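Dear colleague,

I am handing over the structure below, and I would be glad if you could look through it alongside the notes that follow.

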Amino acid sequence: MDFFNRPLFAGTVSIGHILLAVWIAGSLVVIARVGIDLYNNRAQRKRYRVMESIQANAVAERMRLKKARIIISPDVDIPYVTGLFRAHIYLPVLDISDGALEMVLKHELTHFYLRDAWIKIFYYLLSALFWWNPIVHIFQKELDRVLELRCDAALTKRMDEEGKTTYLETILSVVKNANANMQPLHLSSSAFSQTRSGSFLIQRFELIIASGAAPNLPRQIVTIGLVCILFIASFMVIIQPAGFPDAGELQGGYPITPDNAYVMICNDGRIELYVDDQLFMEITEAQLNSYFADIPKLNREGGY
């Protein structure tokens, strides 16, 4: 750790101080970007042109959605839900059946009840803290997909074959009508599908059709991924005390004080620590300037 304690700029700032400042600055930049993203998305939602839908109101009443707010706008690209304590479901203008619309609303409510927004916020805070860790950014790209698979599994695990077929047809219909250049959503939002990737749609379909233990796979992926990130990150962080111990506290508590010890600066550059006129150990220049700063210093030419 002498490298990190090496003094720079007239001995007032060390390499460790610079790295800590860079770490904090990087975290603040990530948090600021998330805050700006949140502000821009909220401003965008306020500019939506809101429409009334007799169909949506009837379906919501049949589902008894009293605590969820449904907003329909031609400015929405794809259905999504936002909100931490109350679900706000945003829908584009869809030409689908009542049954398909009910599937869409159930999907977004499942995102809300599974607390996906909370998971995303926690992960973004984690990425702000460990922004320098590439593993965090690699898994961040897959987080939306993993949560989407988990939502599909939770929603369809009790469906019969007819229900699953209707659900799959609804996904195809919504994705087909989505804007090819749909705007990315904020981290606290969960969409019906945030990608039109054919390979991911196939993956979703395979999970929905599959039976047995397959629906539990997304939860395992999330858990394993977060545990691995925390495990690896724990080896990249070293917590140190704010200050250095007194000289008397070093070497297992052996008393080293200005009264019984002195430091000898040798002509060949070695630095020797003497205790009770006996050579105790050789020390480095960093140790000399930190742990033994109060110990008298001598050289071969005399004291100073």
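In these notes a residue is called buried when its relative accessible area is under 20%, exposed when it is over 50%, and partly exposed in between, with a 1.4 Å probe and protein chains only. This is a predicted model, in which local features need pLDDT of at least 70 and side-chain atom pairs count only at pLDDT 80 or more, while totals for chains, interfaces and linings use all residues. Residues are numbered from 1 along each chain as its sequence is written, and side-chain values use heavy atoms, with hydrogens and water left out.

I begin with the salt bridges, each being a side-chain nitrogen of Lys or Arg within 4 Å of a carboxyl oxygen of Asp or Glu. By that rule there are ten salt bridges. One of them joins E148 to R204, with the closest N and O atoms 3.4 Å apart. Because E148 lies in helix α6 (residues 134-156) and R204 in helix α8 (residues 198-209), the pair ties together parts that are 56 residues apart in sequence; helices here are DSSP runs of H or I with at least four residues, strands are runs of E with at least two, and both are numbered from the N terminus. Both E148 and R204 are buried.

Another salt bridge pairs D75 with R49, the closest N and O atoms lying 2.7 Å apart. This pair links distant parts of the chain, since D75 is in the loop between β3 (69-72) and β4 (80-82) and R49 is in the loop between α2 (15-46) and α3 (54-63), 26 residues apart. D75 has a relative accessible area of 26% and is therefore partly exposed, whereas R49, at 52%, counts as exposed.

E272 and R270 also form a salt bridge, with 2.5 Å between the closest N and O atoms. E272 is at 6% relative accessibility and so counts as buried, while R270, at 31%, counts as partly exposed. These two residues belong to a network of salt bridges that links D268, R270, E272 and E282.

As for the cysteines, a disulfide is taken as a pair of cysteine sulfur atoms within 2.5 Å, and by this rule the count is zero. C151 is buried because its relative accessibility is 0%, and C266 is likewise buried, at 6%.

Finally, I31 lies in helix α2 and, at 46% relative accessibility, counts as partly exposed.
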